[in-house]
Amino acid sequence: MEDALSEQAAADALAALGNRTRLRLFKLLVRAGTDGLIVGEVQRHMDMPASTLAHHLAALTRAGLVVQARNGREVVCTADYAAMQHLLGWLTQECCAGVACRSGMVA
């Protein structure tokens, strides 16, 4: 994710996490730490067909939340912690800053 997270990039990341299976998958990779997990391990933990897993991993990768790297014959999946922190920062950057109300609008 870029330095100044765009509203569209944030929406894409949140949409990817809006799917229950992808949210579970992302949480698994976050728990796995910086070493990540090979795809076969992810598949065993998630108990799903390889094609379904590939679909969900692709969505998280496109959203910038997961990084996949080839290590010989294995593909290692890792949560992108910088992207996750960036998204969380974007969500909370204006926390408690207040909202100016326009006339006729209820706060």
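Contact, in these legends, means heavy atoms within 4.5 Å. The views come from a predicted model, in which local features need pLDDT of at least 70 and side-chain atom pairs count only at pLDDT 80 or more, while totals for chains, interfaces and linings use all residues. Residues are numbered from 1 along each chain as its sequence is written, and side-chain values use heavy atoms, with hydrogens and water left out.

**Figure 1. The overall fold contains five helices and three strands.** Helices (H or I, at least four residues) and strands (E, at least two) are DSSP runs, numbered from the N terminus. Along the sequence, these elements follow the pattern α-α-β-α-α-β-β-α. The protein has 107 residues, of which 30% count as buried; buried means under 20% relative accessible area, exposed over 50%, and partly exposed in between (1.4 Å probe, protein chains only). Among the contacts with a separation of 6 or more, 60% join residues 24 or more positions apart.

Figure 2. The buried residues of helix 1 are A10, A13, A16 and L17. The packing partners of the buried residues of helix 1 are helix 2, helix 4 and helix 5.

**Figure 3. A16 is a buried residue of helix 1.** The relative accessible area of A16 is 6%, so A16 is buried. When residues up to four places away in sequence are not counted, A16 touches R22, A59, L60 and A63. A16 and G64 are 48 residues apart along the chain, and their C-alpha atoms are separated by 9.6 Å.

**Figure 4. The largest nonpolar core has 23 residues.** A nonpolar core is a set of buried Ala, Val, Leu, Ile, Met, Phe, Trp, Tyr and Cys residues joined through side-chain atoms within 4.5 Å. In this core, the residues with the most contacts inside it are L25, F26, L29, V42 and L60. Two or more residues each are given to the core by helix 1, helix 2, helix 3 (39-46), helix 4 (50-62), strand 3 (74-79) and helix 5. In soluble globular proteins, nonpolar side chains tend to be buried together. With residues up to four places away in sequence not counted, L60 touches A16, L17, R22, L25, F26, L65 and V66.

**Figure 5. Helix 5 packs against helix 1 and helix 2 through its buried residues.** Helix 5 consists of 12 residues (81-92) and should span 16 Å at 1.5 Å a residue, which agrees with the 16 Å between its end C-alpha atoms. The expected span of a helix is 1.5 Å times one less than its number of residues. A83, M84 and L87 are buried in helix 5. The buried residues line one face of helix 5, because they fall within an arc of 100° when seen down its axis. Their partners are helix 1 (7-17) and helix 2 (20-32). At the start of helix 5, a side-chain oxygen of D80 comes within 3.2 Å of the backbone nitrogen of A82.

**Figure 6. H56 lies in helix 4.** H56 counts as buried, because its relative accessibility is 8%. Apart from neighbours within four places in sequence, H56 is in contact with N19, T21, R22, L25 and M48.

**Figure 7. T78 is found in strand 3.** T78 has a relative accessible area of 16% and is therefore buried. Leaving aside neighbours within four places in sequence, the contacts of T78 are G33, T34, D35, G36, L65, V66 and V67.

**Figure 8. D47 lies in the loop between helix 3 and helix 4.** Most residues other than glycine have a negative phi. D47 is not a glycine, yet its phi is positive, at about 50°. With a relative accessible area of 71%, D47 is exposed.

Methods. Arc of directions from axis to C-beta. Polar contact = N/O pair within 3.5 Å; in protein donor to acceptor, adjacent residues only side chain to side chain.
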